[in-house]
Amino acid sequence: MPSLSVRRVIAASLSAALLVSTSGATFAADEAAPTPIAPPSLDLALATLAPRSALLAGDTAGAIELAKVRLPACEIKDTPTRYGKVKQWKRTLLDTNLKLKRTYKPWDLVSVSRANISGSGKVRKVIIDDLRALARAARKKGKPLAVRSAYRSYEYQKSLFDYYVRSSGYAQAIKFSARPGHSEHQLGTTIDFTTAPSVPLKTSFGESPSGKWLARNGWKYGFIMSYPKGKRSASCYGYEPWHWRYFGRNLARKIHESGQVPRRYLYENFETAP
Ligand SMILES: [Zn+2]
């Protein structure tokens with residue numbers, strides 16, 4: 001953990017949505033600080049999302065063998081993803097190996113404020129209507145949601161990852177932050193939610209009333225949690241209850257009903273499809 005003064009300097013160089021907290025108490029950046037990485041045993045014990053996925057996309061080798069297709073290991077490589085064009089956004093699979101080009105940038109980025117949700121950042125216009133509906137439904141239930149981070153360019157992701165390498169070392173950084181080109185935030189359809197704009201990203205969000213509501217209802221509005229609890233071997237990342245990718249309502253329903261993590265669903269249905 002760098003000193004507060006160093007962190008302030010770094011904060012100044014990054015955009016406001018991702019800054020480390022100036023209170024000095026916590027990291028606030030996405031794919032967050034080393035602390036949210038739960039030990040494997042905790043991951044397994046707390047696997048609560050989508051029970052079927054325990055059989056189809058679980059953490060043990062035996063469970064993985066039950067699935068039809070063997071997911072590739074989460075290797076640190078740089079293979080261009082199969083659906084790497086902006087218009088193919090619903091099918092685009094990104095992980096520690098598959099990546100987008102540096103030049104991938106959606107043409108229809110707009111402020112999240114258009115969805116009448118607090119927080120800042122940009123998302124693709126195609127998600128605004130459902131984001132507005134999600135935020136409104138959450139608000140009506142007294143479970144407020146805010147956007148902490150949304151679209152991130154390749155260059156921004158590079159600066160973020162480099163920062164983590166400097167502050168925590170490569171071995172740690174690679175566990176909780178995506179390298180440039182590998183982040184779903186570059187799609188412009190992925191959002192990190194918190195309960196209010198000033199609240200940093202923490203795994204405790206998953207236990208908050210807002211986080212629990214989102215986990216139950218996000219799919220109905222087209223959003224799926226990319227990195228649920230206990231699914232690191234399938235998703236390639238530790239638990240991130242704040243990180244939600246938009247697929248549209250139809251595909252989100254299918255992914256939800258499959259009980260699979262998005263990486264497995266996309267791999268089986270699109271990435272390796274004929
Ligand atoms: Zn995220």
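Start by selecting helix α10, residues 249–258, together with helix α11, residues 262–271: the two pack at an angle of about 110°, with their axes 10 Å apart. Axes here are lines fitted to C-alpha atoms, for helices over the stretch in contact, and angles run from 0 to 180 degrees between N-to-C directions. That angle makes α10 roughly perpendicular to α11 (under 35 degrees counts as roughly parallel, over 145 as roughly antiparallel, 65 to 115 as roughly perpendicular and the rest as oblique). Helices (H or I, at least four residues) and strands (E, at least two) are DSSP runs, numbered from the N terminus.

Before moving on, a word on what you are viewing: this is a predicted model, in which local features need pLDDT of at least 70 and side-chain atom pairs count only at pLDDT 80 or more, while totals for chains, interfaces and linings use all residues. Residues are numbered from 1 along each chain as its sequence is written, and side-chain values use heavy atoms, with hydrogens and water left out.

From α10, pick Leu251, Lys254, Ile255 and Ser258; from α11, pick Pro262, Tyr265 and Phe270. These residues make the contact, meaning heavy atoms within 4.5 Å. By class, the contact of α10 with α11 has 5 nonpolar, 1 polar and 1 charged residues (Ala, Val, Leu, Ile, Met, Phe, Trp, Tyr, Cys and Pro count as nonpolar, Asp, Glu, Lys and Arg as charged, and the others, Gly among them, as polar).

Next, select the sheet. Its 5 strands run in the order β4-β6-β7-β9-β8, forming an open sheet with mixed pairing; two strands pair if DSSP finds at least two bridges between them. β4 and β8 (223–225) stand at the edges, each with a single partner strand, so one side of each has no neighbour in the sheet.

Walk across it strand by strand:
- β4 (118–119) and β6 (146–149) are parallel, with 2 bridges; Ser118 has Ala146 as its bridge partner.
- β6 and β7 (190–194) are antiparallel, with 3 bridges; Ser149 is partnered by Asp192.
- β7 and β9 (243–246) are antiparallel, also with 3 bridges; Thr190 is partnered by Arg245.

Finally, centre on Thr81, in the loop between β1 (79–80) and β2 (98–99). Is Thr81 buried or exposed? Thr81 is buried, with a relative accessible area of 7% (buried is under 20%, exposed over 50%, partly exposed in between, with a 1.4 Å probe and protein chains only). Its side chain reaches the backbone oxygen of Leu93 at 2.6 Å. Not counting residues up to four places away in sequence, Thr81 touches residues including Leu94, Leu98 and Glu271.

How values were computed
A polar contact is a pair of N or O atoms within 3.5 Å; within protein, one must be able to donate a hydrogen and the other to accept it, and residues adjacent in sequence count only if both atoms are side-chain atoms.
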